[in-house]
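I opened this entry to go through strands, sheets and core. My notes follow the structure.

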Amino acid sequence: MRQVHRQLLSLVLGVFVLAAAALGLAAPASAHDAAESTSPAQGAALAAPPAEVSVTFGSKPLGIGSSFSVKDAGGTEWADGSVQIVDNVAIQKLRPGGPAGTYTVAWRVVSSDSHPIEGTFTFSAASGAAASGTPTGGSSTAAGAVPGMGTAQPGTTEEPSEPAGAGEPFQWSIVIFAVVAVGLLVALGVMARRRLTGDGEDGE
């Protein structure tokens with residue numbers, strides 16, 4: 001009987017080990033996307049306001065529910081039009097004629113796992129932009145540091161660029177774990193029944 005108990009204990013421990021491994025595989029897959037950089041960089045000092053601002057992510061965001069708010073020190077909104085999603089970059093055009101000073105960008109997107117993420121960053125302009133919207137200096141494409149998280153106050157919303165039914169990726173690791181766990185439990189039951197039957201026959 002002791003041998004039977006040891007074998008049963010080994011099978012139970014095996015199930016727990018496989019469960020832990022499956023959960024470890026599933027956790028990275030369900031992690032939310034993160035912002036990797038902004039343009040302009042956080043705290044960048046430009047000669048004039050850029051024509052656009054953007055945030056680069058680790059994966060391509062969904063093309064729904066995206067919004068940017070770009071305000072100057074006086075609280076005037078300079079975001080112009082809807083957010084554009086190009087690969088893993090969310091881009092927001094700005095209205096021409098922005099003044100000198102500090103700008104605060106608040107962004108919000110829906111990550112590839114269907115969860116909303118948001119953040120803020122700031123930059124400054126030494127002089128105002130030309131009325132035509134063409135910057136007189138600085139670069140609007142330089143990548144910067146990851147923006148700090150904050151509460152977005154969206155000024156515009158992105159039109160859907162992907163099917164509205166796009167959802168969270170299917171977690172195959174959970175299915176694999178469930179199949180393995182069921183198989184081990186079945187094997188456990190069969191082995192226990194055989195051992196108990198064998199012990200009964202020996203007792204007779």
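I took helices (H or I, at least four residues) and strands (E, at least two) as DSSP runs, numbered from the N terminus. By that rule I placed Ala106 in strand β7.

I noted the ground rules next. This is a predicted model, where local features need pLDDT of at least 70, side-chain atom pairs count only at pLDDT 80 or more, and totals for chains, interfaces and linings use all residues. Residues are numbered from 1 along each chain as its sequence is written, and side-chain values use heavy atoms, with hydrogens and water left out.

**Ala106.** I checked burial (buried is under 20% relative accessible area, exposed over 50%, partly exposed in between; 1.4 Å probe, protein chains only). Ala106 counts as buried because its relative accessibility is 8%. I then looked up Phe68: Ala106 lies 38 residues from Phe68 in sequence, yet their C-alpha atoms are 5.7 Å apart.

**Partners of β7.** I counted two strands as paired if DSSP finds at least two bridges between them. β7 (residues 101-110) pairs antiparallel with β4 (residues 62-71) over six bridges. There, Lys71 has Thr104 as its bridge partner. β7 also runs antiparallel to β8 (residues 116-125), with ten bridges. Gly101 faces Ala125 of β8. Five residues separate the strands in the β7-β8 hairpin, and Ser114 there has a positive phi near 75°.

**Open sheet.** I traced four strands in the order β1-β3-β6-β5, with antiparallel pairing. β1 (35-39) and β5 (84-86) are the edges; each has a single partner strand, so one side of each lacks a neighbour in the sheet. Neighbouring strands here are turned by 20° against each other on average, direction ignored. I took axes as lines fitted to C-alpha atoms (for helices over the stretch in contact), with angles from 0 to 180 degrees between N-to-C directions. Within the sheet, β3 and β6 (residues 89-93) run antiparallel and share five bridges. Val53 sits opposite Gln92 of β6.

**Core.** I used nonpolar core for a set of buried Ala, Val, Leu, Ile, Met, Phe, Trp, Tyr and Cys residues joined through side-chain atoms within 4.5 Å. Which residues of the largest one touch the most other members? They are Val53, Phe57, Phe68, Trp107 and Phe123, out of 23 residues. β2 (44-46), β3 (52-57), β4, β7 and β8 each give two or more residues to this core.

I followed Phe57 last, with contact meaning heavy atoms within 4.5 Å. Beyond its neighbours within four places in sequence, Phe57 contacts Ala34, Ala35, Glu36, Asn88, Ala90, Trp107, Val109 and Ile117.
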